[in-house]
Structures are given as structure tokens and as C-alpha cells.
Amino acid sequence: MTAAERLHILGIRHHGPGSAASVLDALDAIDPAAVLIEGPADAEDILPFAARAGMRAPVAILIHAVENPADSVFYPFAEYSPEWQALRWALARGRGVRFIDLPVALRPAQTDIDPTPEGEEEGEEDKPSLVIRDPLGALAAAAGESDGETWWNALVEQNARSRDVFPAIADAMTAVRAAFEAEPGRVSARDARREELREAHMRLAIREALQKTEGPVAVICGAWHVPALQADVPAKADRELLKTLERHKTSATWVPWTDTRLAAASGYGAGVISPGWYAHLWRARAAGAAGIAAMTANWQARVAALLRDEGLPAATASVIEAARLAVSLAAVRGFATPGLAEMQDATLAVLCHGEAALLRLIESQLVIGAGIGEIDESVPRMPLLADLERWQKKLRLKPSASEEEVTLDLRSETGLLKSTLLHRLALIAVPWGRKTAATSSRGTFRENWQIVWQPELNVRLAEALRWGSTIEQAAAGAATEAAARDTGIAALAALVEACLLADLADAAERATERLQSLAVNSSDIAGLMLAAAPLANVLRYGTARKIPAEALKRLVTNMAAEICVGLGQAARGLDDEAVAAMHRAMRAFDDAVSILQEPHLVAAWQEALQRLVTDTMAAPFLRGYSARRLHDRGAIVAEDIERALSLALSPSVPPLEAGGWLEGFLAEASQLLLHDQSLFALIDRWLLSLAEEAFVNLLPGLRRALSNLDRMEGRRLLQQVEHGGGPIAAAGAGDARAEAAYQAALPLLKLILGLDGDEP
């Protein structure tokens, strides 16, 4: 038997259940001595782990450069991926199995490939190649179909297994490649060069396997590559093509993958539209489901179960009716079996009663899936991943591909350890969890988190190895490096908070020392105010965590002294952007003062606000905001507020300045006018006292000040104006003159409140 007769090239679609079934059928018939698979050759040493009992797809091979872990590549496998099934077939039978694609260690960077040829448009080399991107679309068009995905699914992925499909695929791809390569501009120079390198390496690997193996050799590769691997290209030419590539040291391992990252919607180039549907097709075949009816009924039963989980009715009789409708739709449309479109149409009509919103409620779980793979314990892990898995097991905090809400009670040891782990991961840029608002305003014992595991976090763990081999060591190393690098007071204060919440006492001490050295005599008042907020936030956890409370209080007190002395000067001579930044800083510090509730700190802050209110050189917006905060704190009487209003908004004050003061006074507090009758009455009296010209000049600023009210709140405020500011339930209609005046002013009032489109 000649080498050509012993070679069997099986062209597949990556992550195709029909392709996987046909590959297994072909392998059983061919019974090859060696199986060669399109995959990076430098992953060969870890292939045997795929046969271990603890390996559960979806999984991926992660290969990264040793010197630069961020330079990494994932190779995902679903349970229904032809490459995964071929790999496990060979390992189960003790056959030789190799990955034959160009090693990641040899792959040139994008900028190292041949530059753009003369005459090619600038930037074209960076466009996705049509060769790689849409051969199915070209085949579907030739068959008179508009959708390549649907056409391929009906022809291959949803069809019965058959090894006879591979010669037809090879012939079709040969024709498509010839047509594409004949059209100038179809393929960018860099894409074409990359494919040449890969296919040269695969051809050399096939030659070597045929020389070293006496029996049949099976090659499983993407259908696009079949014509190139069948081509009679001299080995010398392939070696010449590859010899200039520079090798880099890489490391390979297996990592869990997720259904969501197998989806094309995730941005994965070889992704499929519906991983959940493909998994259903594969499992139905593997379970030996009795024909189309069982496969269809099982899918509709899953739909019903998901609807019930959402508290919606889904009768068994409706499941049967939906399954029958899907089969009938497939027959009407000329398909041998129902596809996803037929399944969804039947679901929508019968189980969702025509309500598309009900289908969308479960569509992600059903069509995409939310599964996450598992790696056998024997697989070598990166040290940080191994440490993380130990913590996950100890704390029973299992990674999930779907977002979950977790509430942690910091009074329990387990809750505190979970919080510590999530905070440490955040320090090394592995955001497994995102902290959300606390359940209590003082929030000392509970934390709310939203957690979701993304495969890319494995790369972040590899990158973090430079700081340490355990999560604790790496987090401390990252924090120490950041403390030495950062020069911003607010950033350092946030780092102190992060270190304390992550229970990294030494790193917190270094960051605190750095913060103290920068905060002494700092002229950055806004930075000091922003820095006080996270420190005050840490102090409120004093009863739940071990923190240096006294030292932090002293630091905040010293910073507060600088803030209160320097606030007036810092509020002068600011442009609009600087005013907005100072306002954010003042809000943060005001919140910190409220959290700490230290009498001397409260008094000092209120005195600083009082001085700012009367400082005519300070930004009007900040003066108005200060007056309002004093009013909110009960530190200023109504007469003083009214006097401040009259002075700040008198006719002698330029309209822009007066408008800025009013905006500051009502900033984020327009809703208070609905609830604080004294404040409403105060502003109402002042507005009524204005001369017409002054009132008109103030209208733009007044409208901006009230712009944060939604339409419902605006209508409520309009009703209060109509009834003179008193409680609506107790208001009378007013006299005829007042009513006439109100109606005359109504269009203007609606304009101010953003209700000009509302009906009277």
C-alpha cells in the first residue's frame, strides 16, 4: 500500500457535532496506526491528560511565552469538537497521536510577517481574511442558499453520521480555495503568509508520520486546509519556508473553558452560534436517542424546565405539541431533521404563546449554555492556579460561567476568608468577583459580590507569577510594587484600603507609610479629600476585620486638618472641569466625615464649608454646594440660607455666576424639593422676590439645576408649584387670579422641568 493510499485526511468544522460523529465513524473504519490533529505541536506533551477521568469538556489548551505570559493562545475544545473526540479515540486505543500545526513557539508576530505588498490598500493587512472567515458562505451561495451556517448545519452537523461526507467536503473546499485564490484582494498578504507557514508545517509532519508508521494515518484538520495538505509540495520547499522562523520558549497546560466563550458572540474566531444546541445534538447521539422525535422532545422538555425555573407555566402536553410542530416545520422547509430555527419557532408558538420576551428570558441558557469544564487533578497547574483551586475547594466557592450574586457574612470565618480571597485576586488583576453595594449603609458585616469566571483569567494568573507562587504572595508583591510606583494620594489611599481588605498587613503598612510621606503639606486638596474616603470606608469595618484603626484615624485626622485649612484656596480660579473634579472630591470627603462621625472632624468640616459659602472668590458652584450641605447637616438656619441665596443671586451678580451657584445648591439634590418643604418654600420665596429681568437671566441655570429630575419627579414638583408647596393632599385650588397666573406660567414651568412635551 502506497503512502498516498495509507493517508486519510478528514476535513471538519471546528466544534461541529456532526463532524465529530463522522470522524469517529471514519476512525472506526480506517483503524489508523497514527492520528494527526490540527493543533499546536508544542502542546504534544500534555495530550495524554485528555484521557484522564477528571477531564470534562469544555476545556482548552493554554500556551504562553515563558518570558511574557501575556503572549498567550487558547485552543478550546467542546465535548462535540471533532479534534477532542479524535484525541480521546486514539488515546483510548493506544494509537500514536500528535498535534501537527505550527508551534506557538515558532509563530511570528503580526508585525514579523511580510509587509503589505505595493498596491494593497493601507490597513488591508489587518482585515480578517475571507479565506478563513467564510468558506461556508461561498459554498452555501453556490448551492442557492443565503445562510452558510444554516446550510452547513442541515447538511453536516444535524445529519446522521457518515464517513462518506469527507471526500465531498474535500472536493468542495478545493473548488472554493481555487475560486478565492483566483480573485485579487480576497486574501490579505499577512493572512496568506500565515496559512502558508501553518500548512507547510502540517505537510512535513504528515510526511514524517507516513515514514515512521506502517499502517494507515488519519489527519483531522479544518476543512479549509484539506486541499493544501493533499497538494504535492516538495518537502524542501516547506523546510525552506520554515527555517527562518525564530523559536521562543513556551509553556502549555490544560485549563477549564466555558460554553459562553465557545460562542461566536464572544468574539472567538472559530466560535459557533449555538453551543448549547450543538451540545444537545451530540448528547442525543451519544445516548442513542431513538430518532428525531426523541431528540426534538428532549429539547422542548429542556425549554419547559427552564420556563418553570422562571416561575412560568409549561405543560407537558405543550411540550409534546411543540416537538411535533418542530418536526412538521422541518419537513415543510425541506430539512431531514429540525434545526435550531425550527425548534425556536415551535417553542415561540406553543410554549411561549407568541411572546418573544419569554423566549429571550431563557435563550442564553438554552442556546449558548452556561457550562464550565473541569481539569483532572493530575494535570500540572501553574502554581497560582493550583493555589486558587485549593482555596476554591476549601471555601466551596466553585467557579461558574454564569454571573452569580454572593453575599458574604464577615462575622463568619468562611465569609471573611472568601472576601479576603476575592480582594487578593483583585490586587493581581484577576477580577473573579466584583464588589457591589453593601446591604447596610454602615455595612460592617456584609459584602455583596457578583462573581463570574472567564477563561482569560487563567492568563492573568500566569502573568501574576512574577509577584509570587501563591495568591497571598502575589497579591502582597503586586501591592508593594504599586505602593512604590504610585504617586497619587487618592490612588495610594485606595491601595491601603485594598491591602487591608485583603488581609495583607505588611503591604498595607508600606502603602500607608508612602501615603503619609506624600500627604504631609500636600497642596493637592482634592487628592486628599478623595484619599480620605477609602480610609474612612476601611474604618467602618473595624469590628469585622483586623485593621490598625488608631493609626488610620490619626492619618485621616491629619489629612482632614490640611483639607479644612486649604479648601478655600483650592476652590478659587477653577475652570469648569476643575470645578467638577473638586465637587466630586468634596462629596467623597463629606461622605467620609459622615461615616467617621468624629465630633471634632465634623465641626472642622462645617467651619470650612461656612468659610467657603462667604468666599466671593471661590467658584460659585462650590459655594452653592457648600450652602446646601450645611443646610442638609442642620448647621445653618433658614434665614442665613435665604440671605446667602439673595446675595449670590442678586441682580448685580452676572447670570452665569448666579446660575452656577444655584446649580451647586441643587446638585444631586433636586429631589429634596419634593420632600423638604422648608427648602422648597425657601427657594420659592426667593424666586418670587426676583425682578422679571433677573428671573429671566436665571432661567438657564435653573433648568440645568433641575435636569436630574426624571419625568415623574418633574410632574410631582409641578404639582407642588401649583399648590404653593404645601402637601398635595391638603392643598386647595387657590383663587382665580393665582390659577390664571399659574396657567400663564405653565408652559415656562414645563420647559424648565423638561416636561414641555407633556399634555396639560
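This is a predicted model: local features need pLDDT of at least 70, side-chain atom pairs count only at pLDDT 80 or more; totals for chains, interfaces and linings use all residues.

Visitor: Why is arginine 629 called buried?

Guide: Arginine 629 has a relative accessible area of 15%. Buried means under 20%, so arginine 629 is classed as buried. The residue is found in helix 27, residues 620-632. Leaving aside neighbours within four places in sequence, arginine 629 is in contact with Asp590 and Leu609.

Visitor: Where do Asp590 and Leu609 lie?

Guide: Asp590 is in helix 25, and Leu609 is in helix 26. Both take part in the meeting of these helices, where Met586, Phe589, Asp590, Val593 and Leu596 of helix 25 face Leu601, Val602, Trp605, Leu609 and Leu612 of helix 26. By class, that contact comprises 9 nonpolar residues, no polar ones and 1 charged residue.

Visitor: What makes helix 25 roughly antiparallel to helix 26?

Guide: Two packed helices are described by the angle between their axes and the distance between the axes. Helix 25 (residues 576-596) and helix 26 (residues 599-613) pack at an angle of about 150°, and their axes are 9 Å apart. Angles over 145 degrees count as roughly antiparallel, and the pair is therefore described in that way. The crossing of helix 25 past helix 26 is left-handed.

Visitor: How do you know that alanine 462 is buried?

Guide: The relative accessible area of alanine 462 is 2%. As the cut-off for buried is under 20%, the term applies to alanine 462. This residue belongs to helix 19, residues 457-463.

Visitor: Which residues does alanine 462 contact, leaving aside its neighbours within four places in sequence?

Guide: The contacts of alanine 462 are with His64, Pro69 and Met382.

Visitor: How does the reach of helix 2 compare with the expected value?

Guide: Helix 2, residues 17-30, reaches 20 Å from its first C-alpha to its last, close to the 20 Å expected at 1.5 Å a residue. Aspartate 31 follows helix 2, and its phi is positive, near 50°.

Notes:
Residues are numbered from 1 along each chain as its sequence is written. Side-chain values use heavy atoms; hydrogens and water are left out. Helices (H or I, at least four residues) and strands (E, at least two) are DSSP runs, numbered from the N terminus. The expected span of a helix is 1.5 Å times one less than its number of residues. Buried means under 20% relative accessible area, exposed over 50%, partly exposed in between (1.4 Å probe, protein chains only). Contact means heavy atoms within 4.5 Å. Axes are lines fitted to C-alpha atoms, for helices over the stretch in contact, and angles run from 0 to 180 degrees between N-to-C directions. Angles under 35 degrees count as roughly parallel, over 145 as roughly antiparallel, 65 to 115 as roughly perpendicular and the rest as oblique. A crossing is left-handed if the near helix is turned anticlockwise from the far one by less than a right angle, and right-handed if clockwise. Ala, Val, Leu, Ile, Met, Phe, Trp, Tyr, Cys and Pro count as nonpolar, Asp, Glu, Lys and Arg as charged, and the others, Gly among them, as polar.
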